[in-house]
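This report goes through one structure, part by part.

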Amino acid sequence: MARLVGVTAAPLTYVSHVLGAVAAVLVLVWCIHFRGGLAFEAVNKNLIFNLHPVFMLIGFIVIGGEAIISYKSLPGSKDVRKLIHLILHAIAIVLGIVGIWAAFKFHNDSGIANLYSLHSWIGLGTISLYAIQWIFGFVTFFYPGAANSLRRDALPWHVLFGLFVYVLAVGTAQLGFLEKLTFLQNGGLAKYGSEAFLVNFTALVVIFLGASVVISAVAPTKNEETHGYHPIA
């Protein structure tokens, strides 16, 4: 990874924590206050769909981001940070699966076709790549663990691919915000109303969150070699 001159990871990890919390609050305000709430079963099927943006954003974007920067933001030994990194990504995958289930259930219960949009195509691809990345990391770096030479060679590519998948998740979220807001506005939602403003502002926060996570991941720290981050030759 190329080093960023004059940029260190620590302050950016704090920015990521704050933006992650803000993004989580905003999506909950949107889906609960403006969209009526959350439900796994309901006569109003829109309440089921509301689970989708909440679980996807909090799972992949917020918790996934925390997993990426855990090596840079958490104290403790490398093994402890590795375990936390693994667990947070696993939680993100589980929440992502629930979020995708909610979207399919909403479509099926409402008689709406599935997988017709670019958002849905890229979304399924993203969660599939996310799962592959997690399995590869678990087998190679955790259990049973590959040979030291293989782990050393695979680590930079594991980091690079993980950042690619995270950026893909952020981009997919932007498509989702745009798609949902377009549907709502076509249904009569005021284009300059408070809900439209909230959705657009949430999307901007997600972009800044994604940028802070990626820069945090590639920025150097004083004990960068201990964390296992090495530049790609």
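## Basis of the model

Helices (H or I, at least four residues) and strands (E, at least two) are DSSP runs, numbered from the N terminus. This is a predicted model, in which local features need pLDDT of at least 70 and side-chain atom pairs count only at pLDDT 80 or more, while totals for chains, interfaces and linings use all residues. Residues are numbered from 1 along each chain as its sequence is written, and side-chain values use heavy atoms, with hydrogens and water left out.

## Annotated segments

The unreviewed UniProt entry carries the annotation "transmembrane region" for residues 12-35, 47-71, 83-104, 116-143, 155-177 and 197-219. UniProt positions are given here in the numbering of this report, feature names are shortened, and annotations may be inferred rather than shown by experiment.

Residues 83-104 are 100% helix and 0% strand, with the end C-alpha atoms 32 Å apart. Residues 116-143 are 89% helix and 0% strand, and there the end C-alpha atoms are 38 Å apart.

Axes are lines fitted to C-alpha atoms, for helices over the stretch in contact, and angles run from 0 to 180 degrees between N-to-C directions. Angles under 35 degrees count as roughly parallel, over 145 as roughly antiparallel, 65 to 115 as roughly perpendicular and the rest as oblique.

α3 packs against α7 (residues 194-218) at an angle of about 20°, with the axes 9 Å apart; α3 and α7 are therefore roughly parallel to each other. Between α3 and α4 the angle is about 165° and the axes are 8 Å apart, so these two helices are roughly antiparallel to each other. The contact of α3 with α4 has 20 nonpolar, 8 polar and 4 charged residues (Ala, Val, Leu, Ile, Met, Phe, Trp, Tyr, Cys and Pro count as nonpolar, Asp, Glu, Lys and Arg as charged, and the others, Gly among them, as polar).

## The largest pocket

A pocket is an open set of points on a 1 Å grid over the protein atoms alone, where a 1.4 Å probe fits, with protein on both sides within 12 Å along at least five of seven lines; lining residues have an atom within 4 Å of a point. The largest pocket is lined by 32 residues, and Phe49, His52, Ala103, His119 and Gly176 lie nearest its centre. Elements giving two or more residues to this lining are α3 (51-73), α4 (78-110), α5 (118-142) and α6 (148-186). α6 gives the most, with 9 residues. By class, the lining has 20 nonpolar, 10 polar and 2 charged residues.

## Two loop residues

The peptide bond from Tyr143 to Pro144 is cis, with omega near 0°, and Pro144 is in the loop between α5 and α6. Leu115, in the loop between α4 and α5, has a positive phi, near 55°.
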